[in-house]
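Hello,

Here is the structure I promised to pass on. Please open it and keep it beside you as you read.

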Amino acid sequence: MRNAGLISRFVMGIVFLVAGLPKVWDPAYFYWEIVPFTFLFGLDESTSILVARMGLVLGPVESITGLALLLNWRPSITFPLAIGLMAAFTALVTSAWMQGYDASCGCFGSLVERSAGEAVIEDVAMLGLLLLAWVGSMGTGALLRRSGTLMATAGLGVLVLGSVQLSGVHERISDSDLRVGVSLRGLQVLGDSSDLLDGERVIMVMTPTCERCRRSVPRVNRLIGEVDGVDVVAVTHFDQESPSLTEMIATLKPEFPIVTVTKKDFLRLAWGHGVPRMAMLRDGEVVKVWEAHELPDAEDVREGLTTKSRQGGEGD
């Protein structure tokens with residue numbers, strides 16, 4: 001039992017570290033993983049923002065808990081904390097899964113994408129490992145004599161790193177993630193192998209039920225005809241088979257593809273601004289953003305393409 005407990009403790013220590021450190025390193029990405037979860041519980045927008053920001057403390061807490069498990073530091077404190085966290089995670093993702101939410105749970109930040117259904121199974125297994133580790137660690141001491149000093153030093157380091165990383169992405173958290181200079185990551189098209197972050201394209205964030213979005217379709221169609229080589233893709237969170245989207249396509253006949261992304265990705269592109277929004281991406285980096293009241297004309301897009309050509313020529 002003791003050997004099994006020892007192995008389980010080391011495994012779960014590594015798991016908590018792997019789960020926590022990506023959240024500390026990339027808090028903006030984790031923030032936008034939290035936001036959709038908050039809406040599942042009927043929270044309004046302001047409360048959702050508050051809860052999501054409070055959730056950013058999970059990264060440091062998980063990282064410090066992981067190190068404490070590896071060192072077997074204060075097991076009477078560490079194991080109840082770890083088990084409580086895992087039980088809470090399991091309850092949250094189970095509730096989300098039962099409500100039909102099956103996008104990434106954000107458990108490992110930007111490192112690993114897991115659906116809510118996969119997370120439920122894994123969390124239950126990890127909860128069992130923690131219980132086994134607790135039983136097997138009873139009566140044992142810390143792994144190192146100066147574990148307390150190491151814990152304090154590592155904890156301070158994690159907090160400093162988290163503060164530095166958070167200060168660098170404050171605008172991405174307080175506003176949309178679709179900002180000039182931001183390199184988007186994890187923007188996936190559902191049911192399609194298309195890569196929105198490869199190469200250069202203009203994306204249009206929209207919904208088929210938004211009247212301004214519908215009115216912008218003819219304008220974007222003209223833009224495609226006026227600018228040679230421009231690649232325009234619209235993104236929405238509506239399912240491809242949804243009546244609203246199929247009706248809009250049949251009625252307005254957009255000359256550009258409309259792809260579906262997760263609700264999380266849609267929110268982080270549109271949050272605080274509404275739709276439609278358009279942006280020029282270059283290998284995933286946002287180089288220009290246009291809001292609903294200033295959608296681009298042909299000259300705006302040509303200028304972006306010309307800038308790319310000029311930069312490429314200077315590098316030859």
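This is a predicted model: local features need pLDDT of at least 70, side-chain atom pairs count only at pLDDT 80 or more; totals for chains, interfaces and linings use all residues.

Residues are numbered from 1 along each chain as its sequence is written, and side-chain values use heavy atoms, without hydrogens or water.

Start with strand E4, residues 277-282. Strands (E, at least two residues) and helices (H or I, at least four) are DSSP runs, numbered from the N terminus. In E4, 6 of 6 residues are buried, meaning under 20% relative accessible area with a 1.4 Å probe, counting protein chains only. In a regular strand, side chains alternate between the two faces of the sheet. Arg-277, Ala-279 and Leu-281 lie on one side of E4, and Met-278, Met-280 and Arg-282 on the other.

What joins E4 to strand E1 (residues 200-205)? There are 6 bridges, and the two strands run antiparallel. Ile-203 has Ala-279 as its bridge partner. E4 also runs antiparallel to E5 (residues 285-290), with 5 bridges. There, Leu-281 stands opposite Val-286. The hairpin of E4 and E5 has 2 residues between the strands, and Asp-283 takes a positive phi near 50°.

Leu-184 is in contact (heavy atoms within 4.5 Å) with residues including Leu-281 and Val-286, leaving aside neighbours within four places in sequence.

Finally, look at Trp-134 in helix H6 (residues 116-137). Trp-134 counts as partly exposed because its relative accessibility is 31%, between the 20% and 50% limits.

Best wishes

Note on methods:
Two strands pair if DSSP finds at least two bridges between them.
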